[in-house]
Amino acid sequence: MADKKASLSVDGEIVAELPILSGSAGNDVIDIRTLGGAGYFTYDPGFLATASCESEITFIDGAKGVLQHRGYPIDSLAKQADYLEVCYILLNGQAPTKSQYDEFKSIITNHTMVHEKLAHFFQGFLPDAHPMAMLCGVVGAMSSFYHSDLDIDDPAQRMRSAHRLIAKMPTISAMAYKYSIGQPFVYPRNDLTYAENFLHMMFSVPAEEYTVSPVLAQAMDRIFTLHADHEQNASTSTVRLAGSSGANPYACIAAGVASLWGPAHGGANEACLNMLEEIGDVSRVDEFVKKAKDKNDPFRLMGFGHRVYKNFDPRATVMRETCHEVLKELNIQDPLLDVAMALEKVALEDDYFIEKKLYPNVDFYSGIILKAIGIPTNMFTVIFAMSRTVGWISHWDEMLSQPGHKIGRPRQNYVGEVDRDFTPLKDR
Ligand code: SDX
């Protein structure tokens, strides 16, 4: 809906009249789709001020620290819903009735097994392969199992792909872990909840009974929810761009896994814990804060800062509470938590971090919780990817359900050579 216009004038001459569109919340957007016709492109490396799409899935207000999924505030969802209910909400647009929830839970539960042949893919990896490398490869290979169900223009086939991915990501993730430690894969169990099943597949062994701790399962479920979706972040934008070419959903999710792996994005939780371990003791916190402020030092405080949140990350607030609950319940005195708390205190009182609005983000506390649960550091981003799969696939489905969706094709500001004469090698 456009009832306002922006006029673009160059040297006093109006070259374009651009409609201004208003959403249901957040900034208005200037519709620049006709700008190419006027001979101009916009220039916005990193897309700091660019809306790439219209979406109804997640709203973030970075200044106010607001995060809502389909309009529901993240802290309500994290404390009053389980991850599967959040998956339903992200995929379908509203909270389910009890019968809708039960049906959805049954569908997901009954898709958790993977084809036996899929297990063979792991044998090609070296034992020390990073689990994220395995996840990238195996998720992409999933498309080879569903040739007859990849019509992306069929909403029913899209939803079946979504269900398969949500259901199988924990199984594949746990398989990557088991392969990395030389233990046999563990089959999912239909009598367990989503989070219980993941912990069961991660930690049970054939030699003895494994009882899932309800405290750990609840913490795991909350971590899944807090990582489920986050608007047009780098990995979600990667999935959308890959999907815009008509690529199959498994290939698109594999692309999202690859993008999330970077330490500036989902790899930050692994990097954050490694940083806390490198700091090692509260007495060294000031030394590292000094490094983070030194423009000549590439070191950054992992788990701090955010492209959008310039106040606080509401997920970090919930994660911090969960962190204390888990460590208290497990009676764990983790010196890394002391380091994290000291780092947070120093950073939040330091002018540099206040001025640059660098607050703890979702990754700052998640690593400490995951470590307390017994998850190895190299599995942290795998868990982030597993949790974010529902967000990725919801955006992929939303994009493909929108009429007139086109292949994404950004342009550039070309600054290279032009019109050069070419001399053949033999004459040079
Ligand atoms: C996630 O987009 C999403 O929604 C992502 C995510 C999701 O759910 O999908 O929320 C998940 O990726 C969370 C972010 C996890 N990453 C980290 O914790 C890595 C550490 N953080 C930084 O790399 C950084 O803060 C980013 C990448 C997260 C955001 O960077 P911006 O907004 O692009 O800001 P910038 O890199 O331009 O930095 C602005 C200034 C710079 O100083 P100046 O050049 O202005 O002098 O702040 C400084 C930076 O040097 N800065 C930091 C810092 N982060 C930014 N200085 C020290 N430590 C840091 N962590």
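Here are a few friendly notes on one threonine and on some aromatic pairs in this predicted model.

1. Some ground rules. Residues are numbered from 1 along each chain as its sequence is written, and side-chain values use heavy atoms, with hydrogens and water left out. Because the model is predicted, local features need pLDDT of at least 70 and side-chain atom pairs count only at pLDDT 80 or more, while totals for chains, interfaces and linings use all residues.

2. Have a look at T58, in strand β4 (residues 58-61); strands are DSSP runs of E, at least two residues, and helices are runs of H or I, at least four, numbered from the N terminus. T58 has a relative accessible area of 11%, so it is buried (under 20%; exposed is over 50% and partly exposed in between, with a 1.4 Å probe and protein chains only).

3. The T58 side chain makes a polar contact of 2.5 Å with that of D229 and another of 2.8 Å with that of H69. Such a contact is a pair of N or O atoms within 3.5 Å; within protein, one must be able to donate a hydrogen and the other to accept it, and residues adjacent in sequence count only if both atoms are side-chain atoms.

4. The whole structure holds 17 aromatic pairs (Phe, Tyr or Trp rings, the six-membered one for Trp, with centres within 6.5 Å; planes under 30 degrees apart are stacked, over 60 edge-to-face, the rest tilted). Y88 and F104 are edge-to-face, because their planes stand at 85°, with centres 5.6 Å apart. Y88 sits in helix α2 (residues 83-92) and F104 in helix α3 (residues 98-109), so the pair ties together parts 16 residues apart in sequence. Both residues, Y88 and F104, are buried.
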